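Please look over the chain shown here before reading on. The briefing below is meant for someone meeting this structure for the first time, and it moves through the chain topic by topic.

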Amino acid sequence: MSGSTLLIVTIILLAIVGLLVGIMLVFAGEKFRVEVDPKEAQVRECLPGNNCGACGYPGCDGLAAAIAKGEAPVNKCPVGGSSVAEMISEIMGVDAGEVTKRAAFVKCSGTCDKAIENSVYVGIETCTAAAAIPGKGTKACQAGCLGFGECTKVCDFDAIHIVNGIAVVDRTKCVGCGRCAEVCPQHLISVIPDNSVYAVACNNHENGKVVRQQCAAGCIGCKLCMRQCEFSAMWVDTNVAHIDYDVCTHCGKCAAKCPQKVIVNRHGAKEA
């Protein structure tokens, strides 16, 4: 067999193999095709596409599938909020329900002028690295914000920044996805109802004497806030005050009486 003949035969055989493979792929595609609910595609188009996982599902595709199957409510997307919930409710033919906007809050007031420093940190400048070694950075308070800004790097909405040594959330930009809370090794960031006016900006569980030695703005567990609250919305657990956001009426008496000024007004007003 000459070289040219061998080449022609090879080309023909390759073409036949390619044709057979193509036929098999078409057959397999038809055989194993998964029918997609048209509503799922419509819901997916409404979702913002951030794939942040704040809804508890693996990205927007996962949430769209769950909503289409009736396994998730139409207002499950915290990023999309009320507008997205309304669009999806029309597709699904149900009521959108109430959507409560949520935003992240950093439980720390230990700014550079208030937190006492007792060491020099030399190492990888990330919160995770600093939190893994004895001393946890430069501050005497080992429960506070380390200030290296891992939370800022995961925020897709430019809603959290390091200001004067601690992370600060811009609640007008925050969508409550919770990605900053997930990466914080100090567990300082909570996602709370955005209509909650007051929050406790401290997470130090040491006794009051120790806290005073570490930070000028730490909760000392004095319980003055509890005694001021007429609605039982305040309590102190292991030396740190907490607020029940479902009960709080935003009267501000707790913040006004707090000697350490760690109960802060998230909406910007200054307390007396």
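The structure is a predicted model. A search of the whole structure finds 7 salt bridges, and the aromatic pairs come to a count of 1. The C-alpha atoms of Ile-166 and Thr-10, which are 156 residues apart along the chain, are separated by 69 Å.

- A nonpolar surface patch of about 740 Å² is made by Ile-8, Val-9, Ile-12, Leu-13, Ile-16, Leu-19, Leu-20 and Ile-23.

- Side chains of opposite charge can pair when their charged atoms come close.
- Arg-44 and Asp-61 form a salt bridge in which the closest N and O atoms are 2.6 Å apart.
- This pair links distant parts of the chain, with Arg-44 in helix H2 (residues 38–46) and Asp-61 in helix H3 (residues 59–68), 17 residues apart.
- The two partners fall into separate classes of accessibility, for Arg-44 is partly exposed with a relative accessible area of 25%, while Asp-61 is exposed with a relative accessible area of 51%.

**The salt bridges of Asp-194**

- The side chain of Lys-101 meets that of Asp-194 in a salt bridge, at 3.9 Å from N to O.
- Here too the pair links distant parts of the chain: Lys-101 is in the loop between helix H4 (81–92) and strand E1 (102–106), whereas Asp-194 is in the loop between strand E4 (189–193) and strand E5 (198–200), 93 residues apart.
- Lys-101 is partly exposed, with a relative accessible area of 39%, but Asp-194 has a relative accessibility of 9% and therefore counts as buried.
- Arg-266 also forms a salt bridge with Asp-194, at 3.3 Å from N to O, and this pair links the segment after strand E8 (263–265), where Arg-266 is placed, with the loop between E4 and E5, 72 residues apart.
- Both Arg-266 and Asp-194 are buried.
- Through salt bridges that share partners, Lys-101, Arg-171, Asp-194 and Arg-266 are joined into one network.

**Strands E6 and E7**

- The hairpin of E6 and E7 has 2 residues between the strands, and in it Thr-238 takes a positive phi near 45°.

- The aromatic count comes to 1 pair, and it is made by the rings of Tyr-121 and Phe-148, whose centres are 5.4 Å apart and whose planes stand at 50°, so the pair is tilted.
- Tyr-121 lies in the loop between E1 and helix H5 (127–131) and Phe-148 in the loop between H5 and helix H6 (150–154), so the pair ties together parts that are 27 residues apart in sequence.
- Tyr-121 counts as buried because its relative accessibility is 14%.
- Ser-109 lies in the loop between E1 and H5, counts as buried at 10% relative accessibility, and has a side chain that reaches the backbone oxygen of Ala-201 at 2.9 Å.
- Ile-166 lies in strand E3 (residues 166–169) and is buried, with a relative accessible area of 5%.

**Positive phi angles in loops**

- Asn-51 has a positive phi of about 50° although it is not a glycine; its place is in the loop between H2 and H3, and at 44% relative accessibility Asn-51 counts as partly exposed.
- His-187, which is not a glycine either, has a positive phi of about 55°.
- The place of His-187 is in the loop between helix H7 (179–183) and E4, and at 59% relative accessibility His-187 counts as exposed.

Definitions and conventions. Residues numbered from 1 in each chain as written. Predicted model: local features only at pLDDT ≥ 70, side-chain atom pairs only at ≥ 80, totals over all residues. Heavy atoms only, no water. Patch = residues over 30% accessible without salt bridge, like charges linked within 9 Å, V, L, I, M, F, W, Y side chains within 5 Å. Areas by Shrake-Rupley, 256 points an atom, 1.4 Å probe, with all protein chains shown as cover. Salt bridge = Lys/Arg side-chain N within 4 Å of Asp/Glu carboxyl O. Helix = DSSP H or I, 4+ residues; strand = E, 2+ residues; numbered from the N terminus. Buried < 20%, exposed > 50% of the residue type's maximum accessible area, 1.4 Å probe, protein only. Pairing = 2+ DSSP bridges. Phe/Tyr/Trp six-rings, centres within 6.5 Å; stacked < 30°, edge-to-face > 60°. Polar contact = N/O pair within 3.5 Å; in protein donor to acceptor, adjacent residues only side chain to side chain.
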